[in-house]
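Keep the viewer open as you read.

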Amino acid sequence: EGTEPLGRGPIVVCLDSSSSMDGAPEFWAKAVTLALLAVARDEKRVFSLITFSSRQQVRQWIFETPPRVDALVESLEFSFRGGTDFQAPLDLAMQTLEGNAFQKGDVIMITDGECSVHPDWASRFRARKRAKGARLFSVLIGTESNTLKELSDGVERIDDFADDEAVANLVFGSS
């Protein structure tokens, strides 16, 4: 027993910036990213944003508390507009969690896509996640993803961008 608060690991958002995210899906996904940044700030957790598209298209920002406005604007304006690959951003997310002293970090994948991953990679990813005590939550925008269902600890699907209450419950609701 003690009075020291337990540290919580980073929040790492993997944000799909493929060409299919253009328009409403991208705006909604970036709004959710901002909301998650606010949660990280309030909980004094490291926050990382990984923007991704095709395999070689991955870029990461790590934000201080409070975040620098110029870096935040740069990250939210950035998009690749390529295809979709999950392996590279999830590998980088795990590297970020493994490089942090705290256990139980959260990775949030926001995507409208589906892609296949190699079965050996999926096994290694699940083992790394388990070893670090990490969780992967996926937010699917107007689509299904069998790949993410197999890798994730929780999956939410959003189909109606006009339903503000559903979006608010997803982002701010209890888990």
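Are helix 3 and helix 4 roughly parallel or roughly antiparallel to each other? To find out, look at helix 3, residues 87-98, and helix 4, residues 119-132. Their axes come within 11 Å and cross at roughly 25°. Here an axis is a line fitted to C-alpha atoms, for helices over the stretch in contact, and the angle runs from 0 to 180 degrees between N-to-C directions. Angles under 35 degrees count as roughly parallel, over 145 as roughly antiparallel, 65 to 115 as roughly perpendicular and the rest as oblique. Helix 3 and helix 4 are therefore roughly parallel. Helix 3 passes helix 4 in a left-handed crossing; a crossing is left-handed if the near helix is turned anticlockwise from the far one by less than a right angle, and right-handed if clockwise.

From helix 3, the contact is made by Gln87, Leu90, Asp91, Met94, Gln95, Leu97 and Glu98, and helix 4 brings Trp121, Phe125, Arg128, Lys129 and Lys132. Contact means heavy atoms within 4.5 Å. Sorted by class, this contact has five nonpolar, two polar and five charged residues. Ala, Val, Leu, Ile, Met, Phe, Trp, Tyr, Cys and Pro count as nonpolar, Asp, Glu, Lys and Arg as charged, and the others, Gly among them, as polar.

A word on what you are viewing: this is a predicted model, in which local features need pLDDT of at least 70 and side-chain atom pairs count only at pLDDT 80 or more, while totals for chains, interfaces and linings use all residues. Residues are numbered from 1 along each chain as its sequence is written, and side-chain values use heavy atoms, with hydrogens and water left out.

Now step back to the whole chain. It holds six helices and six strands, and along the sequence they follow the pattern β-α-β-β-α-α-β-α-β-α-β-α. Helices (H or I, at least four residues) and strands (E, at least two) are DSSP runs, numbered from the N terminus. Of the 175 residues, 46% count as buried, where buried means under 20% relative accessible area, exposed over 50%, and partly exposed in between (1.4 Å probe, protein chains only). The accessible surface comes to about 9200 Å², and 51% of this belongs to carbon and sulfur atoms. Among contacts between residues at least 6 apart in sequence, 72% join residues at least 24 apart.

Lys30, Thr33, Leu34 and Leu37 in helix 1 meet Leu72, Leu76 and Glu77 in helix 2. By class, this contact has four nonpolar, one polar and two charged residues.

Is Arg45 buried or exposed? Arg45 counts as buried because its relative accessibility is 4%. Leaving out residues up to four places away in sequence, Arg45 touches Arg8, Gly9, Pro10, Ile11, Ala40, Thr65, Lys104, Gly105 and Asp106. Lys44 is in this loop between helix 1 and strand 2 too, but at 72% relative accessibility Lys44 counts as exposed.

The backbone of Lys44 is worth a look as well. Most residues other than glycine have a negative phi. Lys44, although not a glycine, has a positive phi of about 55°. Arg81, also not a glycine, has a positive phi of about 70°. Arg81 is found in the loop between helix 2 and helix 3 and, at 34% relative accessibility, counts as partly exposed.

Finally, follow two residues to their partners. Ala93, in helix 3, counts as buried at 0% relative accessibility. Beyond four places in sequence, Ala93 touches Val12, Cys14, Ile50 and Val107. Phe137 sits in strand 5 (residues 135-141) and is partly exposed at 27% relative accessibility. Its contacts, again setting aside neighbours within four places, are Asp106, Val107, Ile108, Met109, Asp153 and Gly154. Phe137 and Val13 are 124 residues apart in sequence, yet 9.5 Å apart in space, C-alpha to C-alpha.

Key
Areas by Shrake-Rupley, 256 points an atom, 1.4 Å probe, with all protein chains shown as cover.
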